[in-house]
Amino acid sequence: MNRVFLSLGSNIIDELTNLSISIDKIIKHKKINFISKSKIYISSPMYNTNQRDFYNMVIEIETTFLPKKLLNYLKGIEKKMGRETTKKRNLPRIIDIDILSYSDHSILTETLIIPHEKLEERLFVLKPWNDIDPEFLVPKINKKVKQILKNLISCKKKDLIREIA
């Protein structure tokens, strides 16, 4: 089994329901075991600020899926939930599921980068991840989640994110 952390985000319609449904769909597969989930946080959009705030969380799973197969499975869930695929980035989305880490692997392909390439600038990922495993050593970055979070918080305002559940 491979230990995997996933980031979930939503800012369309009923965000809390979208997060819940996506978790149910993810862990429904026989190759996936649910381990834990973070609190839910609300954060302002980062790159395209002309949209609603995002609801974000991180979940931990174990899986026998290989990374590319896991990515395809997760993208299928996004599509089934109504996420529109477009070349434009940073648009509102019913659900966004990103693979943050896959065991202790570093992966760099055209379609998959693990750990996530913008991880160190994303408070909305690091804060919930810190809830469930602050001691996780992020491959390639070679820092624990709590260290990356501390570095980011020292550079940014803490009020950019708020806990709701």
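1. The buried residues of helix α3 are L123, F124, V125, L126, P128, W129, N130 and I132, where buried stands for under 20% relative accessible area, exposed for over 50% and partly exposed for what lies in between (1.4 Å probe, protein chains only). The helix spans residues 123-132 and is mostly covered, with 8 of its 10 residues buried; helices (H or I, at least four residues) and strands (E, at least two) are DSSP runs, numbered from the N terminus.

2. The model is a predicted one, in which local features need pLDDT of at least 70 and side-chain atom pairs count only at pLDDT 80 or more, whereas totals for chains, interfaces and linings use all residues. Residues are numbered from 1 along each chain as its sequence is written, and side-chain values use heavy atoms, with hydrogens and water left out.

3. T63, in strand β4 (residues 54-63), is buried because its relative accessible area is 0%. Leaving aside residues up to four places away in sequence, T63 touches M1, N2, V4, K31, I32, L70 and Y102, a contact being heavy atoms within 4.5 Å.

4. The side chain of T63 also reaches the backbone oxygen of K31 at 2.9 Å, and a polar atom of that side chain lies 2.9 Å from the backbone nitrogen of F65.

5. I107 belongs to strand β6 (residues 107-108) and counts as buried because its relative accessibility is 17%. Among residues beyond four places away in sequence, I107 touches P67, L112, I113 and I114, while I107 and K140, 33 residues apart in sequence, are 9.5 Å apart in space, C-alpha to C-alpha.

How values were computed
A polar contact is a pair of N or O atoms within 3.5 Å; within protein, one must be able to donate a hydrogen and the other to accept it, and residues adjacent in sequence count only if both atoms are side-chain atoms.
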